[in-house]
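Hi,

Here is the structure I promised to pass along.

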There are 2 protein chains.
Amino acid sequence: MADRVDPVLTSAGYLLLKAGTQFHGIIDDALRTVDLTARQFLVLTFAGGTEPLSQSELSQRLGLDPTIVLGVIDGLEDRDAIRRTRDPADRRRSLIEITAAGRRLYTRASSAVAAAEREFLAPLGGADRKALRANLLAIMEHRLPWLGSSDG
Amino acid sequence: MADRVDPVLTSAGYLLLKAGTQFHGIIDDALRTVDLTARQFLVLTFAGGTEPLSQSELSQRLGLDPTIVLGVIDGLEDRDAIRRTRDPADRRRSLIEITAAGRRLYTRASSAVAAAEREFLAPLGGADRKALRANLLAIMEHRLPWLGSSDG
DNA sequence: TATTGTTATACTCTATAACTATA
DNA sequence: TATAGTTATAGAGTATAACAATA
């Protein structure tokens with residue numbers, strides 16, 4: 001099958017590209033029900049982590065320009081989902097923490113995202129889903145160093 | 001490992017998102033050696049297919065606005081990589097065909113892309129690479145209908 | 001002198017609407 | 001009347017550079 005189609009169009013790389021952009025659109029749609037963008041959702045995810053992050057750390061992990069992160073943070077702060085606190089140890093840095101309201105929002109948002117992911121991966125059986133995740137993790141682990149594969 | 005990281009950040013969906021955007025950057029870099037963008041490369045790929053496509057068909061397959069496709073086509077035509085021909089059966093449509101020079105360019109470009117893909121997938125062994133591609137194909141097949149899984 | 005966060009500005013990219021020609 | 005392609009324009013999104021506060 002698909003013999004008359006250019007091999008590029010069935011390559012892992014091309015499919016990865018298309019899967020990424022399509023899934024991005026899908027979670028944006030799913031998150032619209034809680035009035036969040038994918039980008040805001042990710043900021044909220046990082047803000048809910050164990051250690052508070054500064055804005056510059058956040059921009060590194062998101063792979064976004066600091067000036068863009070700024071706007072996202074402003075929006076989430078206006079909605080009382082996150083809070084800025086000056087770092088006492090270095091008063092230049094502002095630490096981003098999630099609020100109680102932000103946590104409630106995040107709970108609703110992440111269940112919407114999880115549902116969208118389930119639907120997106122529906123063509124795969126359980127074993128294949130697991131294999132896909134493991135393979136993606138193997139590829140991306142060293143590109144997302146803060147996943148912290150082995151530091152105490 | 002990674003127990004202190006939010007489950008969202010190790011989910012298949014999130015990894016897919018990051019893999020997609022990072023790989024996009026990687027092929028843009030790789031294609032810079034032949035002075036092409038990822039988008040131009042894909043247009044060239046479709047233009048080199050068995051049947052000539054119109055601009056509107058092209059925009060459907062690329063998932064891009066027709067006005068954007070227009071600009072890409074203009075650029076590739078200026079470089080004599082593709083050629084516009086009026087469809088004799090419907091003189092409103094302009095069919096996009098690849099030229100001989102375009103084919104030479106495509107050959108160089110696709111080997112650059114293939115090398116980038118090999119490097120990107122390097123953490124995976126042969127069996128895992130095959131599994132990844134098969135899983136992505138299973139997910140995307142019905143979302144990329146022109147892959148034509150079974151039409152004569 | 002370097003860095004964090006911020007603001008203001010310019011630039012690129014994308015989408016919208018209007019137009020021509022074909023059907 | 002509807003569609004393919006084109007053009008012009010407006011809008012969103014992004015990056016660049018300059019500034020204030022802190023180190």
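Read along the sequence, chain A runs α-α-β-α-α-β-β-α-α, which amounts to six helices and three strands; here helices (H or I, at least four residues) and strands (E, at least two) are DSSP runs, numbered from the N terminus. The C-alpha atoms of chain A fill a box of roughly 60 × 35 × 30 Å, taken along the principal axes. Chain A is divided into domain 1 (11-120) and domain 2 (123-152), with bounds that come from an automatic or database domain assignment. The centres of domain 1 and domain 2 of chain A, taken over C-alpha atoms, are 20 Å apart.

A word on conventions: this is a predicted model, where local features need pLDDT of at least 70, side-chain atom pairs count only at pLDDT 80 or more, and totals for chains, interfaces and linings use all residues. Residues are numbered from 1 along each chain as its sequence is written, chains are lettered from A and ligands numbered from 1 in the order in which they are written, and side-chain values use heavy atoms, with hydrogens and water left out.

Next, the protein-protein interface. Here 55 residues of chain B are in contact (heavy atoms within 4.5 Å) with 55 residues of chain A. The area buried between chain B and chain A is about 5300 Å², and carbon and sulfur atoms give 70% of this; buried area is the accessible area (1.4 Å probe) that two parts lose on being put together, summed over both. On the side of chain B that touches chain A, the largest share, 14 residues, comes from α1(B). By class, that side has 33 nonpolar, 13 polar and nine charged residues. Ala, Val, Leu, Ile, Met, Phe, Trp, Tyr, Cys and Pro count as nonpolar, Asp, Glu, Lys and Arg as charged, and the others, Gly among them, as polar.

Now to the DNA. Around DNA strand C there are 16 residues, with A:Q55, A:S56, A:L70, A:R84 and B:R39 coming nearest; a residue is near a strand if one of its heavy atoms lies within 4 Å of it. Sugar or phosphate accounts for 73% of the atoms of DNA strand C within 4 Å of the protein, and bases for the rest. One base contact comes from A:R92, which has a polar side-chain atom 3.1 Å from a base oxygen of DNA strand C.

Phosphate oxygens of DNA strand D lie 2.6 Å from a polar side-chain atom of B:Q55 and 2.8 Å from one of B:R84. The surface near DNA strand D divides into two nonpolar, six polar and eight charged residues.

Enjoy exploring it!

Notes. Polar contact = N/O pair within 3.5 Å; in protein donor to acceptor, adjacent residues only side chain to side chain.
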